[in-house]
Amino acid sequence: MKNKMILMLGLFLATAVSVFAQADDISPSRKQAIDSLALEKVKDLSKYISIIGSKETQFSEANRVMDRAEELFAPGAEMGVSSINSNEIAYYKVRRYFERLMALNYDRVNITWYDIQYISDLERQPDGRYVGVITVFQRFEGTSIETGMNYKDTTKKDITIYVEKKQTQIAGRTIEFWDVMLGDVRVTETSA
């Protein structure tokens, strides 16, 4: 009798967990909207990086843009930095990455991202979040007029995407929505 009770309780819990998990599944139309939002956030990051890295951007404007760019990321996210002159890849917290980018010792910096696309579909994690990966190619060009130094590279980067259900209060009502946050930006290859 006791074993039957435990078995029934186990089946009930398994069914409840299954029903709860299905309630949080993303519909195909919602998934399409989430994918669009994730790609838009990556494109925003691309614009922010170009502004922060540009030597024509005023310090106060670069700081304002850094604040906006940081809001795109999940806490603790890191960004990878590589060079064709080294096999090492360094990772920095997002804010530190932006500060280093702003301080690069070039007279002109041009950074462009292209071929932005999903390389892995969103997968549900045990904690209820969904995780995916977007890949981008970054073209970096730095020129120093005084020394005549000219550096160029192309880096392939994988950006982790986190999608989770959040809540907000609007006019006293609790509204649930899916939010997209960027995670670590990993360097996968660097070439001239």
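**Close-up views of a predicted model**

**View 1. The largest pocket of the predicted model.** About 430 Å³ of space lies in the largest pocket. It is lined by 20 residues, and those closest to its centre are V81, S82, Y97, L104 and F140. At least two lining residues come from each of strand 1 (78-83), strand 2 (86-93), helix 4 (94-102), strand 4 (130-143) and strand 5 (150-170). By class, the lining of the largest pocket holds 10 nonpolar, 6 polar and 4 charged residues.

**View 2. Packing of helix 2 on helix 3.** Helix 2 (residues 28-53) and helix 3 (residues 59-70) have axes 9 Å apart and pack at an angle of about 155°. Angles over 145 degrees count as roughly antiparallel, so helix 2 and helix 3 are roughly antiparallel to each other. Their crossing is left-handed. On the helix 2 side, Y48, I51 and I52 make the contact; on the helix 3 side, A62, V65, M66, R68 and A69 do. This contact of helix 2 with helix 3 comprises 7 nonpolar residues, 1 charged residue and no polar ones.

**View 3. Packing of helix 3 on helix 4.** The axes of helix 3 and helix 4 lie 10 Å apart, at an angle of about 150°. Helix 3 and helix 4 are therefore roughly antiparallel to each other. The crossing of helix 3 and helix 4 is right-handed. Helix 3 contributes F59, A62, N63, M66, D67, A69 and E70, which meet V94, R95, F98, E99 and M102 of helix 4. The contact of helix 3 with helix 4 contains 7 nonpolar, 1 polar and 4 charged residues.

How values were computed:
Residues are numbered from 1 along each chain as its sequence is written. This is a predicted model: local features need pLDDT of at least 70, side-chain atom pairs count only at pLDDT 80 or more; totals for chains, interfaces and linings use all residues. Side-chain values use heavy atoms; hydrogens and water are left out. Axes are lines fitted to C-alpha atoms, for helices over the stretch in contact, and angles run from 0 to 180 degrees between N-to-C directions. Helices (H or I, at least four residues) and strands (E, at least two) are DSSP runs, numbered from the N terminus. Angles under 35 degrees count as roughly parallel, over 145 as roughly antiparallel, 65 to 115 as roughly perpendicular and the rest as oblique. A crossing is left-handed if the near helix is turned anticlockwise from the far one by less than a right angle, and right-handed if clockwise. Contact means heavy atoms within 4.5 Å. Ala, Val, Leu, Ile, Met, Phe, Trp, Tyr, Cys and Pro count as nonpolar, Asp, Glu, Lys and Arg as charged, and the others, Gly among them, as polar. On a 1 Å grid over the protein atoms alone, a cavity is a set of points where a 1.4 Å probe fits but cannot get out, and a pocket is an open set with protein on both sides within 12 Å along at least five of seven lines; lining residues have an atom within 4 Å of a point. Grid points are joined across faces, edges and corners, and a volume is the space filled by probe spheres set on the points.
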